[in-house]
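The following note sets out numbered points for a colleague who is examining the model. Please read each point with the structure open.

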Amino acid sequence: MEKLQIKRIIIAFGIISLALACSKDADTVDTEYPVIDGNFAEASPQQCGTIQRGETFIFRARFSDNVALGAFSLDIHNNFNHHSHSTEVEACDMEPVKTPENDFEYIKDINIPGAPKTYEAEVEIAIPADIDPGDYHFMIKVTDATGWQTLRGLSVKIQ
């Protein structure tokens, strides 16, 4: 009987330890979205901004998270049909609807090294000289280390 009581005590201790470990993990679950800050002097591009064909420009934004950042992605595509997924309040002047002939598309995923809480992103993007000028969307998505995502959609012109 003594062996049975010892086994019961060990099993009970294991269950209690597991329950305490699980409740501790539940208290530290990340439930906050990461933040995209594009409201500082060097941030680029800005809502309704202009990017020049045949030149390289530098994307700049600051990302932050309460626990740890994981990655970000950039997506530039035409808005010649005036579709909308802008996240900005300010509306931009739009050119007439048109059919793309040689539009620009850019998609890039970038890991943020070291899982920091803050990160200042800088990415050089070359814009070909021979693409269709006009209205484009510049989409920024940041993902934290646990998978929460924030999206910022800007309207820009490529001239």
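1. Tryptophan 148 is located in the loop between β7 (134-144) and β8 (149-158); helices (H or I, at least four residues) and strands (E, at least two) are DSSP runs, numbered from the N terminus. With a relative accessibility of 30%, tryptophan 148 counts as partly exposed. On this scale, buried means under 20% relative accessible area, exposed over 50%, and partly exposed in between (1.4 Å probe, protein chains only).

2. This is a predicted model, in which local features need pLDDT of at least 70 and side-chain atom pairs count only at pLDDT 80 or more, whereas totals for chains, interfaces and linings use all residues. Residues are numbered from 1 along each chain as its sequence is written, and side-chain values use heavy atoms, with hydrogens and water left out.

3. Which residues does tryptophan 148 touch, not counting residues up to four places away in sequence? They are Asp30, Thr31, Glu32, Tyr33, Pro34, Val142 and Thr143, where contact means heavy atoms within 4.5 Å. Tryptophan 148 and tyrosine 33 are 115 residues apart in sequence, yet their C-alpha atoms are 5.4 Å apart in space. A polar atom of the tryptophan 148 side chain lies 2.7 Å from the backbone oxygen of aspartate 30. A polar contact is a pair of N or O atoms within 3.5 Å; within protein, one must be able to donate a hydrogen and the other to accept it, and residues adjacent in sequence count only if both atoms are side-chain atoms.

4. The count of disulfides (pairs of cysteine sulfur atoms within 2.5 Å) comes to one. Cysteine 48 and cysteine 92 form this disulfide, with their sulfur atoms 2.0 Å apart. The pair links distant parts of the chain, 44 residues apart: cysteine 48 is in the loop between β1 (35-37) and β2 (50-51), and cysteine 92 is in the loop between β4 (69-78) and β5 (106-111). The link of cysteine 48 and cysteine 92 is left-handed, with -90 degrees about the S-S bond. Cysteine 48 counts as partly exposed, at 27% relative accessibility.

5. An open sheet of five strands, with mixed pairing, has the order β2-β8-β7-β4-β5; two strands pair if DSSP finds at least two bridges between them. The edge strands are β2 and β5, each of which pairs on one side only. β2 and β8 pair in the parallel sense over two bridges, and isoleucine 51 stands opposite isoleucine 158 in β8.

6. How many of the ten residues of β4 are buried? Seven are, and β4 is described as mostly covered. β4 runs antiparallel to β7, joined by nine bridges, and leucine 74 stands opposite isoleucine 140 in β7. β4 also runs antiparallel to β5, joined by six bridges, and the bridge partner of serine 73 in β5 is aspartate 109.

7. The count of aromatic pairs comes to eight. Rings of Phe, Tyr and Trp (its six-membered ring) pair if their centres lie within 6.5 Å; planes under 30 degrees apart count as stacked, over 60 as edge-to-face and the rest as tilted. Phenylalanine 72 and tyrosine 119 form a tilted pair, 6.3 Å centre to centre with 40 degrees between the planes. This pair links distant parts of the chain, phenylalanine 72 in strand β4 and tyrosine 119 in strand β6 (residues 118-126), 47 residues apart. Phenylalanine 72 is buried, with a relative accessible area of 3%, whereas tyrosine 119 counts as partly exposed at 26% relative accessibility.

8. Phenylalanine 80 and tyrosine 136 form an edge-to-face pair, 5.3 Å centre to centre with 80 degrees between the planes. Phenylalanine 80 lies in the loop between β4 and β5 and tyrosine 136 in strand β7, so the pair ties together parts that are 56 residues apart in sequence. Phenylalanine 80 counts as buried at 2% relative accessibility, and tyrosine 136 counts as buried at 0%. The charged end of lysine 98 sits over the ring of phenylalanine 80, 4.6 Å from its centre; this requires NZ of Lys or CZ of Arg within 6 Å of the ring centre and within 35 degrees of the ring normal.
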